[in-house]
Amino acid sequence: MVGWSRLLSPAAKFASYRAVLQEPACRNALQQQLRRMGGDHGHHQMIIKPSRFQWDKFKDLIHFYVMLGVIPVTALVLYANIFVGPAQLAEIPEGYEPKHWEYEKHPITRFISRYILNSEQQNYEKSLHYLYEENEKAQIRLLEDEVRRKMSERNDYQAYYYRPSVAKYHRISKEAADELEALRGD
């Protein structure tokens, strides 16, 4: 409770001064503060006002990016629409197979299709490769499950101890144990 009272006391003091700050004399003083400057010539004054740095910086950046991006893109689009224009349908010559970007109508979409995006055939082959990889992983998982099942069925070494680099020592020790058991003749 003591902490709340320490937080509320400055708010109560501000509320008591609020009526004073609403008077017209105080409002004018808050709107424009002057600093009197000394000097030889007349009235030297500096108006004290809040900083406009963030606003000016924002406007500068907006103008910069408009000049850097919007104007060149607009010029490019105008050039493409005025001087190049849309594609026209024409007969395909004998033995010629059109490229995938030649099916686009607008020159900008042709450029994007040719240099930026993948063709439909590429996308199809990429999806087929993804399906092939997932099928291979599924087959490997099935094979691992089969190996674990066989290991538990034949009472081989345990799966969580299995290390391919040390498995030969386990086989050697298993063969030695089998020989000892054969010698004992139980």
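Let's start at Glu134, which is partly exposed, with a relative accessible area of 28%. Keep in mind that this is a predicted model. Glu134 has a partner. Lys137 makes a salt bridge with Glu134, and the closest N and O atoms are 3.5 Å apart. Both residues sit in helix H5, which covers residues 120-153. They are 3 residues apart, about one turn of the helix. And Lys137? Its relative accessible area is 39%, so Lys137 is partly exposed too.

Side chains of opposite charge can pair when their charged atoms come close.

How many salt bridges does a search of the whole structure find? It finds 6. I'll take two more of them, and these two belong together. Salt bridges that share partners join Arg52, Asp56 and Lys59 into one network.

Asp56 bridges to Arg52, with 3.9 Å between the closest N and O atoms. Asp56 also meets Lys59 in a salt bridge, at 3.9 Å from N to O. The cut-off here is 4 Å. Because Asp56 and Lys59 are 3 residues apart in helix H3, about one helical turn separates them.

Arg52 counts as partly exposed at 46% relative accessibility. Asp56 counts as partly exposed at 31%. Lys59 is partly exposed as well, with a relative accessible area of 30%.

Stay with helix H3, please. It spans residues 53-84. Next topic: a nonpolar patch.

Which residues form the nonpolar patch on the surface? They are Trp55, Phe58, Ile62, Val66, Met67, Val70 and Ile71. Together they have about 670 Å² of accessible area. Look at Ile71 as one example. Ile71 is found in helix H3. At 43% relative accessibility, Ile71 counts as partly exposed.

Now the rings. The structure holds 4 aromatic pairs. I'll show two.

Phe64 is partly exposed, with a relative accessible area of 45%.

The other one is Tyr79 with Phe83. Here the ring centres are 5.3 Å apart. Why is this pair called tilted? Because the planes lie at 40°. Stacked would need planes under 30 degrees apart, and edge-to-face over 60.

Where do these two sit? Tyr79 and Phe83 are both in helix H3, 4 residues apart, and so about one helical turn separates them. Tyr79 counts as partly exposed at 48% relative accessibility. Phe83 counts as exposed at 63%. The cut-off for exposed is over 50%, which means Tyr79 at 48% stays in the partly exposed class.

Last stop: charge on the surface. Which residues gather in a patch of negative charge? Glu175, Asp178, Glu179 and Glu181 do. Find Glu179 in your viewer. Glu179 lies in helix H6, residues 167-184. Its relative accessible area is 55%, so Glu179 is exposed.

To recap. Lys137 and Glu134 pair up in helix H5, with 3.5 Å between the closest N and O atoms. Arg52, Asp56 and Lys59 form one salt-bridge network. Tyr79 and Phe83 make a tilted ring pair. Glu179 belongs to the negative patch. Over to you.

Technical notes
Residues numbered from 1 in each chain as written. Predicted model: local features only at pLDDT ≥ 70, side-chain atom pairs only at ≥ 80, totals over all residues. Heavy atoms only, no water. Patch = residues over 30% accessible without salt bridge, like charges linked within 9 Å, V, L, I, M, F, W, Y side chains within 5 Å. Areas by Shrake-Rupley, 256 points an atom, 1.4 Å probe, with all protein chains shown as cover. Salt bridge = Lys/Arg side-chain N within 4 Å of Asp/Glu carboxyl O. Lys, Arg positive; Asp, Glu negative; His and termini not counted. Charge placed at Lys NZ, Arg CZ, Asp CG, Glu CD. Helix = DSSP H or I, 4+ residues; strand = E, 2+ residues; numbered from the N terminus. Buried < 20%, exposed > 50% of the residue type's maximum accessible area, 1.4 Å probe, protein only. Phe/Tyr/Trp six-rings, centres within 6.5 Å; stacked < 30°, edge-to-face > 60°.
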